Amino acid sequence: LGDYRKEDISDWYDEHSKSVLGFILLMVNNYQQAEDLTHDTFVKAYLYYDSFKHYSSEKTWLFSIAHNLTVDFLRKRKPSMFFKEVFFMKKDHNPLPEEVVRLKEDSYELYNALGKLKDTYRKVIILRKIKDFSIEETAQILSWSESKVKSTLHRAIPALKKQLIKGGYLHEESI
Amino acid sequence: MKNQYDETEFDSHLKKLNSNFLWKKTKKQELKRQILTEIEQLECHDGYKTTHLSIPNKRVSLIRKLAYSGIALAVLFGLLIGSAFVSPTMAKVISNIPYLGLIFQSKSVDTLIYDELQEKGYNVRTGIRYWPEKIIEVSIVGSEPYYNEVKDDVENIVNGILESRGYDAYSLNVNKYTTKSDYVLNDEETKEKGLLEDEVANRLKQSNYQFDRIQVDPTEKTMFINIVGSKEYYHSIQDAVEKTALEVADAHKYKDYKVNVTRVTVEVKIADKRTQVLPAIAEGLMSKKEFKVTGVSYKSKPFSIIIKTSILSSDLTAKTLGAKIESEIDDFLTSEEISSILEDEPIEVIVNSKDNKKIN
């Protein structure tokens with residue numbers, strides 16, 4: 001009975017897991033958490049397979065599951081993060097474990113700058129510009145209206161550029 | 001053009017982040033295996049939808065725990081206080097606050113009714129009467145149809161409040177509010193009033209009588225004159241003042257005037273702090289049939305609280321009732337909260353029967 005489901009999930013995993021992991025990793029900045037959340041995304045996709053209505057592509061559906069799980073995770077993590085920051089007087093940096101995941105050097109600055117943006121800006125940039133989802137798909141994943149996607153992206157891009165300038169990676173002339 | 005070029009360059013830079021991201025193949029396969037094993041386990045499991053996912057922070061955080069227990073505590077506290085209102089006996093058992101003490105701490109019942117109805121959007125006037133009957137009166141402001149529409153709701157709300165306090169001595173009277181506007185004098189009457197007041201004042205001044213107020217009511221044909229001075233002085237000039245006033249009325253052909261000469265002094269007394277406890281005692285005792293209390297009064301020297309009841313001294317239970325009322329008041333007066341207000345000043349409690357005999 002569950003075989004076709006399992007097969008689908010297996011295929012989807014082969015095709016999209018890297019992209020999903022990348023999205024979550026950019027959101028949570030911690031590889032181990034990202035891996036756990038990716039695991040949960042596919043398990044959840046299996047559990048709620050019946051509610052997948054094929055209105056959208058399976059990729060969009062997987063991303064919306066991943067997004068919801070990530071948002072829940074971030075929401076719950078916030079208080080403890082706050083205390084950590086207060087007590088240790090610094091942000092918690094989780095360098096990527098080089099043995100499993102790697103980012104080519106010319107994208108490092110972007111990765112760091114994205115990590116400093118606020119969540120809404122970060123996710124809209126990741127989905128629209130990095131993962132190349134359409135406005136409609138992005139709206140579906142985030143459960144936003146299309147106009148909210150547009151306007152948030154409109155504000156997010158300058159914020160990202162500002163962050164890059166702050167880090168010295170981008171020169172003002174080049175904007 | 002340059003700008004557009006830069007935009008696309010920036011975009012492609014962003015897009016590159018996706019392809020620049022490398023994930024070790026073996027790790028990817030390992031995770032896949034984990035997921036598929038979990039799925040297989042779920043398949044064997046019947047109610048698999050309830051299975052928990054492996055998200056590590058499904059655990060309830062400390063802050064949440066604290067918040068939940070805080071809410072639970074607040075609810076518990078609310079229940080405690082709430083049940084104390086429902087049953088005075090309960091109040092005694094759980095918190096040692098005497099029945100009258102609870103009333104002392106809360107709003108008076110008519111304010112409570114007023115506030116509650118006002119909050120629910122009913123525009124009302126409320127009043128409480130102890131004599132000749134114990135009546136709570138609620139007047140609804142608004143049109144006749146509105147009154148008919150909400151009358152029952154208002155009645156239910158008020159009955160609910162009375163019930164929650166255990167007050168059974170009142171009959172409830174819900175009626176439609178009618179404005180009782182003051183009678184406005186017509187021009188002629190205004191003229192009559194002004195003329196007489198001025199003229200009488202002048203005449204009294206000429207005769208050197210000491211007074212502070214003259215008021216003429218042309219509708220009742222009465223002149224009110226208040227004399228200032230000792231009792232003896234008042235008695236000595238009372239008739240002369242009346243005569244003078246009547247002469248003025250006669251002179252202007254205003255017939256049938258009466259004169260009311262008074263000597264009223266208003267003395268401002270600083271309220272005794274002990275009187276603070278009276279409203280609670282009065283409300284608590286008057287509102288319940290079991291106490292049979294018809295009146296609460298006090299004397300200041302020595303401070304005593306006098307309770308009048310409707311029981312006859314010949315009644316066999318009179319003494320018991322007297323003792324019950326006295327102990328109810330004593331519990332209240334000796335409670336921590338009240339004794340700090342009274343500062344240990346002695347208060348005598350007198351409970352009288354209908355035929356004015358002390359029954360305690």
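1. B:Lys15 is partly exposed, at 39% relative accessibility. Under the scheme used here, buried is under 20% relative accessible area, exposed is over 50% and partly exposed lies in between, with a 1.4 Å probe and protein chains only. This is a predicted model, in which local features need pLDDT of at least 70 and side-chain atom pairs count only at pLDDT 80 or more, while totals for chains, interfaces and linings use all residues. Residues are numbered from 1 along each chain as its sequence is written, chains are lettered from A and ligands numbered from 1 in the order in which they are written, and side-chain values use heavy atoms, with hydrogens and water left out.

2. The side chains of B:Lys15 and A:Asp132 meet in a salt bridge of 4.0 Å, N to O. A:Asp132 lies in the loop between α5 and α6 of chain A and B:Lys15 in helix α1 of chain B, so the pair joins two chains. The criterion for a salt bridge is a side-chain nitrogen of Lys or Arg within 4 Å of a carboxyl oxygen of Asp or Glu. A:Asp132 is partly exposed at 49%, and has a positive phi of about 60° although it is not a glycine.

3. A second bridge links B:Lys32 with A:Asp14, the closest N and O atoms being 2.9 Å apart. Here B:Lys32 sits in helix α2 of chain B and A:Asp14 in helix α1 of chain A, so this pair also joins two chains. B:Lys32 is buried, with a relative accessible area of 12%, whereas A:Asp14 is partly exposed at 34%.

4. In total, five salt bridges are counted between chain B and chain A. Another of the salt bridges pairs B:Lys27 with A:Glu35, with 3.4 Å between the closest N and O atoms. On chain B, α1 (2-19), β1 (21-23) and α2 (25-44) each supply at least two residues of the side that touches chain A. The most comes from α2(B), with twelve residues. Helices (H or I, at least four residues) and strands (E, at least two) are DSSP runs numbered from the N terminus.

5. The contact (heavy atoms within 4.5 Å) takes 56 residues from chain A and 36 residues from chain B. About 4,700 Å² is buried between the two chains, 62% of it from carbon and sulfur atoms. Buried area is the accessible area (1.4 Å probe) that two parts lose on being put together, summed over both.

6. A:Thr38, in helix α2 (residues 31-47) of chain A, is buried at 0% relative accessibility. Leaving out residues up to four places away in sequence, A:Thr38 touches A:Ser17, A:Val20, A:Leu21, A:Ile24, B:Leu31 and B:Ile35.

7. Helix α1 (residues 3-28) of chain A deserves a check. Its 26 residues have end C-alpha atoms only 33 Å apart, short of the 38 Å that a straight helix would reach at 1.5 Å a residue; the expected span is 1.5 Å times one less than the number of residues. A kink of about 60° is centred on A:His16, the bend being the angle between axes fitted to the seven residues ending at a residue and the seven starting there. After α1(A) comes A:Asn29, with a positive phi near 55°.

8. Chain A as a whole has seven helices and one strand, in the order α-α-α-β-α-α-α-α. Of its 175 residues, 50% are buried.
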